[in-house]
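Please keep the sequence and the structure in view while reading.

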Amino acid sequence: MTDQYRHIQHVGDHGDALKHTVLAHLLTRFRAEHQQLYFIDSHAASGVYSIAAAQDWSSGIGKLWSSAFCEHPLLAPWKNTVLRCNQHHTPLHCYPGSPALAFLLLRSQDQLYFGDLQATELNQLKYCIKELENSFFTSDSAPKIHFYQGDCHTWLPNTAQQWQGKPGILLMDPPYEQETDYEKVALTLNTVHHLWPEGSLILWYPHYKEDLSFKLFNTIKQVIPMQCWQMDLVVRKPFPNDRLVGCGLLFINVPPVVLSEMQPILDGLVSLFMEYSGHCFFGPLK
Ligand SMILES: C[S@@+](CC[C@H](N)C(=O)[O-])C[C@H]1O[C@@H](n2cnc3c(N)ncnc32)[C@H](O)[C@@H]1O
């Protein structure tokens, strides 16, 4: 159940590879375009992870890190931030998750909102952010952070109005441990989209062995009036004891020109992770 979930158990899998490379690119792209940016990470988890404890590392980010594709210019914001977190030393010993990437990529005028259901994850995140702040920022040069401990399906609808008129990105990255999560995230995205029409919303979703992603897509198509896009990567048909066999990102209100630039990221990840029975897609939500 959700209160047992520990992101460290899955850190560095192909799901993180897709999510974090795209996120770092988008943050850099939006940062160049906007004087001030809002970034909301509703499922932030604990921030920075020890690679030694990351079981899925070698088949995920480890594979990407040692590939020629890692040198692609679109991956530079992500790669440089990972290196920065490791004080530019290789081999890497730690890995920044989504809130740590955003904290290191954004500026003092930007506003960051980090939430997690679990107090233990959020407390660890606060500790990591403090460490990053001490290592990389002088006084007042770090982005401003607001922390929320609790269910994002409650605090996001109560907070989203504050961001009206401001440009920014919401990343939702739930663990999908309950079947109802798929519809729930779609409904919360719809509420946030209405309260914060300027916001660009990004949702990570899994293709688990028992694939329930269709529930998410059906609800999104029913409730969200605008054309959403998806970047979808199924790496293989599931083995008997498989878990994550693919994943994707859903984009709501991300400028088409920005979306169109990201095809090479998917192409590069496909060449690394996709097995003979996999498939991929990037385009308007089918
Ligand atoms: C997949 S992890 C997030 C990883 C992080 N986004 C990253 O990329 O580094 C999912 C997190 O969501 C949290 N969570 C689960 N249900 C939640 C809810 N309803 N509201 C807020 N956080 C939730 C879990 O405690 C867990 O830490």
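## Strand pairing

Two strands are taken to pair if DSSP finds at least two bridges between them. In this predicted model, strand β1, residues 38-41, and strand β4, residues 111-116, meet that condition with four bridges and run in the parallel sense. Within this pair, Y38 stands opposite Q111 in β4.

β4 also pairs with β5, again in the parallel sense, here over six bridges, and Q111 stands opposite K144 in β5. Between these two strands the chain passes through helix α5, residues 119-136, and β4, α5 and β5 together make a right-handed β-α-β unit. β4 is mostly covered, with five of its six residues buried.

## The sheet as a whole

These strands belong to an open sheet of eight, with mixed pairing, whose order is β5-β4-β1-β6-β7-β9-β8-β10. Because β5 (144-149) and β10 (279-284) stand at the edges and have a single partner strand each, one side of each is left without a neighbour in the sheet. On average, neighbouring strands of this sheet are turned by 10 degrees against each other, direction ignored.

## Helices on the sheet

Helix α4, residues 98-105, packs on the sheet, where it touches β1, β4 and β6 (168-172), and its direction makes about 165 degrees with that of β1. Helix α10, residues 263-273, likewise packs on the sheet, touching β8 (229-234) and β10, and its direction makes about 10 degrees with that of β8.

Conventions. Residues are numbered from 1 along each chain as its sequence is written. This is a predicted model: local features need pLDDT of at least 70, side-chain atom pairs count only at pLDDT 80 or more; totals for chains, interfaces and linings use all residues. Axes are lines fitted to C-alpha atoms, for helices over the stretch in contact, and angles run from 0 to 180 degrees between N-to-C directions. Two residues are in contact if their C-beta atoms, placed from the backbone, lie within 7 Å. A residue is buried if 20 or more other C-beta atoms lie within 10 Å of its own, exposed if 12 or fewer, and partly exposed in between; C-beta atoms are placed from the backbone. A crossover is right-handed if, with the strands pointing away from the viewer, the path from the first strand over the helix to the second runs clockwise.
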